Amino acid sequence: MRTLELISNTHNPPNGAQHMTSNRSFPVAILIAAFIIAGAIWAQPAAGTKNLTIGQGEIGVIDIYHLVDILIMSDDASNERAQFEADGNAQITQYEQQLIGIQTQMQGISQDDPRAAKLISDYQRVNQQIQQATNQINSTYQQLLASQIADAYVSIHTATNEVSDEQGYTFVFSTRRGTDLVQTSTLTGVTQEILARPLVTPPSAVDITDAVRIHMGLPTLEEITAQIEAEQAEAAAAAEAQKLKAEFDAANQAANQAEQTEPTPATEITDE
């Protein structure tokens with residue numbers, strides 16, 4: 001099924017930090033000289049330095065997160081995750097079948113039976129294997145998802161450079177637009193959402209997100225969402241139809257069995 005954190009850490013400074021404190025105190029004369037030099041550098045830019053402004057169309061913005069969402073929800077990425085989930089479920093099912101077999105053998109066996117100890121040991125062993133396999137599957141799934149996101153970023157980065165070259169942008173900043181925070185239930189999620197918006201008021205006129213999307217041949221998020229919803233509705237309808245058919249078949253089978261077990265009425269014998 002198709003679906004979609006930065007952590008803020010505080011810590012004490014290392015022991016060497018106390019010795020570095022004295023290096024922060026500069027004589028006033030040195031500070032004044034530093035400001036004078038800095039002012040001269042900013043007041044008189046070096047020859048060949050170009051003043052860049054948004055008005056010249058040389059600074060653009062892009063919502064990389066939006067494009068990553070589209071790529072992660074695409075057929076290729078979704079099918080890869082679906083196949084992984086199917087393989088993982090098949091592996092767990094094998095262990096579960098072993099547990100069912102052990103439980104079947106344990107029925108009717110007393111604790112004093114010599115076989116009981118081995119069956120209990122086998123049950124615990126298989127149960128532990130299920131836990132280990134589940135942990136491994138979850139870990140590998142996270143690695144798969146991370147690799148998909150990394151690959152998506154690389155392809156978006158390449159396309160962004162191509163579009164910016166075509167349209168004459170010198171700088172392109174990655175930022176999300178608006179204040180619609182998706183993750184607000186945890187501190188980590190909120191922090192991630194805020195850090196994803198380094199530019200508070202990016203002008204829409206220099207947003208090249210859609211241009212990059214078209215350059216990559218990707219559908220809109222609305223289009224891919226509608227496709228996923230249609231697939232889910234189709235799958236739900238098929239599951240419901242299968243359920244109704246199973247109920248109908250079970251009812252017919254019960255009716256046939258009832259007819260077969262119904263006693264034949266005795267034939268009345270009359271004297272002629």
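Asp63 and Arg176 form a salt bridge, with their closest N and O atoms 3.5 Å apart. A salt bridge here is a side-chain nitrogen of Lys or Arg within 4 Å of a carboxyl oxygen of Asp or Glu. Asp63 sits in the loop between β1 (59-62) and α3, and Arg176 in the loop between β2 (171-174) and α6 (187-195), so the pair ties together parts 113 residues apart in sequence. Across the whole structure, a search finds eight salt bridges.

This is a predicted model: local features need pLDDT of at least 70, side-chain atom pairs count only at pLDDT 80 or more, and totals for chains, interfaces and linings use all residues. Residues are numbered from 1 along each chain as its sequence is written, and side-chain values use heavy atoms, with hydrogens and water left out.

**Confidence**
- The chain averages a pLDDT (the predictor's confidence in each residue, from 0 to 100) of 78, and 75% of the residues score at least 70.
- Residues 1-52 have a pLDDT below 50; beyond near neighbours in sequence, this stretch has 33 contacts (heavy atoms within 4.5 Å) in the model.

**Helix α3 with α7**
- The axes of α3 (residues 64-72) and α7 (residues 209-216) come within 10 Å and cross at roughly 30°.
- Axes are lines fitted to C-alpha atoms, for helices over the stretch in contact, with angles from 0 to 180 degrees between N-to-C directions.
- Helices (H or I, at least four residues) and strands (E, at least two) are DSSP runs, numbered from the N terminus.
- α3 and α7 are therefore roughly parallel; angles under 35 degrees count as roughly parallel, over 145 as roughly antiparallel, 65 to 115 as roughly perpendicular and the rest as oblique.
- His66, Leu67, Ile70 and Leu71 of α3 make the contact with Thr209, Val212, Arg213 and Met216 of α7.
- By class, this contact of α3 with α7 has five nonpolar, two polar and one charged residues.
- Ala, Val, Leu, Ile, Met, Phe, Trp, Tyr, Cys and Pro count as nonpolar, Asp, Glu, Lys and Arg as charged, and the others, Gly among them, as polar.

**Helix α3 with α5**
- The α3 and α5 axes come within 9 Å and cross at roughly 125°, so the two helices are oblique to each other.
- Ile64, Leu67, Val68, Leu71 and Ile72 in α3 meet α5 residues including Leu145, Ile149, Ala152 and Ile156.
- The contact of α3 with α5 has 10 nonpolar, two polar and no charged residues.

**Helix α4 with α5**
- The axes of α4 (residues 75-106) and α5 (residues 114-167) come within 9 Å and cross at roughly 175°.
- α4 and α5 are therefore roughly antiparallel.
- Their contact has 17 nonpolar, 10 polar and five charged residues.
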